[in-house]
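Subject: Handover of a structural model

Dear colleague,

Please find below the structure that I am handing over to you, followed by an account of what was found in it.

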Amino acid sequence: MWKLKVGKGEGPWLSSINNFVGRQFWEFEEDEGSPEEREMVEKARQFYHQNRFLVKPSSDLLMQMQLIKESRIDLTSTPIVRVGSSEEITDEILQMVLRKAVRLTSSIQAHDGHWPAENAGPLFYTPAFIIVLYFSGTTNLVLSSEHKKEIIRHIYNHQNKDGGWGFHIEGHSIMLSTSFNYIALRLLGEGAEEGSDDHREALGKGRRWILDHGSLTTIPSWGKMALSVLGLYEWTGCNPVPPELFLLPSCLPFHPELYTQPYENIDWPKTRYAVAKEDLYAPHSLIQDVIWDALYYIGEPLLNRWPFSKLREKALQKVMKHIHYEDENSRYLNLACVEKAFHMMACWAEEPNSNSYKHHIARVPDYLWVAEDGMKVQSLGSQLWDAAFAIQAIIATNLEDEFGNTLKRAHNFIKQTQIRENPSGDFHSMYRRNSKGGWPLSEQDQAWQVSDCTAEALKALLLLSQMSPEILFNASEVFGNAFVEHEYVECTSSIVQALVMFQHLYPEYRDKEIKSSLARAIQFIKKTQAPDGSWYGYWGVCYTYATWFALAGLASVGLTYSTSQAIRKATEFLLARQLDSGGWGESHLSCYNVKYTPLEGDRSNIVQTSWALMALILTEQAERDPAPLHKAAKLIINSQMKKGDFPQQEITGASMGALNLHYASFKNTFPLLALAEYRKYVLLPSQNISSRCSASFHAPQLISACSVWLPLAKHYFDNAGNRLWEHQVDPNVVSVTALYY
């Protein structure tokens, strides 16, 4: 039976700078689990397989079963609450729902303070690892028979009805993923004429899909290169990516059964631009094709001949220098799974028996995750991100007195995960930036700072620092020079909220810089709003996600429905898309279509409903018409399940917009946070300092994470010294007004 291991690491090829805090990986233990527990796991697998076309993301049940058992927390003694269509939501009902949800959240926390959860979804990740392990001859060194069985389970579970595989688990079939997954199955021992009838049929459907859609010659560039490494494609059919580009100044921009004709008859140079229409998300420009032709017909022939080959040798040395630098500074975790696969490939090609490759092999388990749908390669891991939101959600419930130990462990994890040093040596020359003081998406060993992760971790620590010392130790010693970037509305909003909170606690610290940064950030949020009032989401699905973040940023500096056109337009956008059920449901296709696309059949999604509910609370919807909020809260309440968790529905995460990710923790964290906010600022508004906010400081101590609390007569200025807005506090009514100048 599979067992999740947390905070452990042994052997000469593993290293850590914080004793492996946050590390999570799965091991198969033959004697683990009782007969009853094994039966539960098998039932979960069978249920998933039978319903795989209805709900494609896993519910992360193997992790949940193990951690609930280890926690020994009773989750079923309190009844499930249901609110009838004609009933009103009372505070007593809501507290029962919140307490049940927080108890579940506490039960699935690991001993080191983080919340283990799946972070996967794309279907080309796992095959890429299988390909690297296969050609390096290390498959059996890394993957046991149980690993292979679960990987095969996952691949078959996510095959589409037409026989292909999608870019991610909810995507339409494409050549890249279909070819990769078919080949991965064959490399793992699945035979076209062997195995169970179901597996033979599934393989046959996959092969037919490839042949019916143009064969492997139409696989995109990444696929062409990967298959060339395997010997299933000719290098002459690949456009070159010359390593000599690394020598330019930094200031410059810049197998036969799967083919429709005999392999030896294929005109490989002509296949360089062949891409199946299903894969063509970003077509090549004419300039790009001209450059590629020049490199292919002129550049490559020259660079492979003396004396130009000396330049090639120098370029490869520089590329490998960068690869080794990144490997060492991330403890061989790398930026994410795609980069790790390429780095493993490069290190093995340089020296198959090198220490570098052995270090890489030791970190492969960090990327493998097991759930009821099988084993898959994760994007990376979202340990810090999930913990930051879990902390904010628990504090928002006002139940921290009951769950102080949970918050203590989480607080320690956040502190242990902060990046304490910049990358080694002259990191600017290695295209790295200051990371000291920031936080990563996953764990400290990986050491890549992320702007919104830094902001959300800082928000969580500021909230924790205001709690009673009897509950938690103060968190202020971890503040450092966190890296901030301004490129996406979600990241920008998180940073705005964190800076507003930080400045209230530490008003003298870099005051002018913070004011200037906030002013520019708010302008960025405003100018990126779409004409319909929404914002495009790069890190979640999609317009619902980003609109919630944008509104949180605007509200945190005191902008309101009555004073901000941007907030009024966003409110109209959200209300116009609320469904009759009271919820919201947005398809992952919004990310591709760059247009709000509802789920088929007007289905609601609980996570997206939670985002929209919190967004409307921020716009003071409760003061104008609370009915939409009551409907949304009732839907969430009535969706809670026996143990306090919420059902897994459609995929809601994203990466860079087009690539969708499954964050398994979202289904529990965001409904909990939304209902806590609803209770405070809709159901019991008179007992709270503001009618709108997100994870909050408690009155009269401090501001909330997304509320408008600032010191009396605090002014913000633009770069020219002009006053932008002023916050005035009336101590008697404890309210805030935003005045424009």
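Helices (H or I, at least four residues) and strands (E, at least two) are taken as DSSP runs and numbered from the N terminus. The model is a predicted one, in which local features need pLDDT of at least 70 and side-chain atom pairs count only at pLDDT 80 or more, while totals for chains, interfaces and linings use all residues. Residues are numbered from 1 along each chain as its sequence is written, and side-chain values use heavy atoms, with hydrogens and water left out.

Backbone features

Arginine 331 lies in the loop between α11 and α12 (337-350). Its phi is positive, at about 55°, although arginine 331 is not a glycine. The residue counts as buried, at 14% relative accessibility; here buried means under 20% relative accessible area, exposed means over 50%, and partly exposed lies in between (1.4 Å probe, protein chains only).

Glutamate 620 also has a positive phi, of about 65°, and is not a glycine either. Its place is the loop between α22 (606-618) and α23 (621-624). With a relative accessible area of 12%, glutamate 620 is buried.

A cis peptide bond is found between tryptophan 306 and proline 307, with omega at about 10°. Proline 307 belongs to the loop that runs between α10 (286-303) and α11 (308-329). As background to these features, most residues other than glycine have a negative phi, and most peptide bonds are trans.

Helix packing

Helix α1 (residues 35-50) and helix α2 (residues 61-71) have axes that come within 10 Å and cross at roughly 155°. Axes are lines fitted to C-alpha atoms, for helices over the stretch in contact, and angles run from 0 to 180 degrees between N-to-C directions. The helices α1 and α2 are therefore roughly antiparallel to each other; angles under 35 degrees count as roughly parallel, over 145 as roughly antiparallel, 65 to 115 as roughly perpendicular and the rest as oblique. The crossing of α1 and α2 is right-handed. A crossing is called right-handed if the near helix is turned clockwise from the far one by less than a right angle, and left-handed if anticlockwise.

On the α1 side, the contact is made by Glu37, Met40, Val41, Ala44 and Arg45, and on the α2 side by Leu61, Leu62, Met65 and Lys69. Contact means heavy atoms within 4.5 Å. By class, the residues where α1 meets α2 are six nonpolar, no polar and three charged. In this classification Ala, Val, Leu, Ile, Met, Phe, Trp, Tyr, Cys and Pro count as nonpolar, Asp, Glu, Lys and Arg as charged, and the others, Gly among them, as polar.

Helix α4 (residues 125-135) packs with helix α7 (residues 175-187) at an angle of about 45°, the axes being 9 Å apart. The two helices α4 and α7 are therefore oblique to each other, and their crossing is left-handed. Pro127, Ala128, Ile130, Ile131 and Tyr134 of α4 meet Phe180, Asn181, Ala184 and Leu187 of α7. The contact of α4 with α7 comprises eight nonpolar residues, one polar residue and no charged residues.

The sheet around β9

An open sheet of three strands has the order β3-β9-β8, with antiparallel pairing; two strands pair if DSSP finds at least two bridges between them. The edge strands are β3 and β8, each of which pairs on one side only.

Strand β3 (residues 119-120) and β9 are paired over two bridges: asparagine 119 has tyrosine 663 as its bridge partner, and alanine 120 stands opposite histidine 662. Strand β8 (residues 653-655) is joined to β9 by three bridges, with alanine 654 partnered by asparagine 660.

In strand β9 (residues 659-663), five of its five residues are buried. Leu659, Leu661 and Tyr663 point one way from β9, and Asn660 and His662 point the other way.

Alanine 371 is in strand β6 (residues 368-371) and is buried, with a relative accessible area of 0%. Leaving aside neighbours within four places in sequence, alanine 371 contacts Ser58, Asp60, Leu62, Glu118 and Lys376.

Histidine 154 is found in helix α6 (residues 145-157) and is buried, with a relative accessible area of 6%. With neighbours within four places in sequence again left aside, histidine 154 is in contact with Leu123, Asp373, Gly374, Met375 and Lys376.

With kind regards
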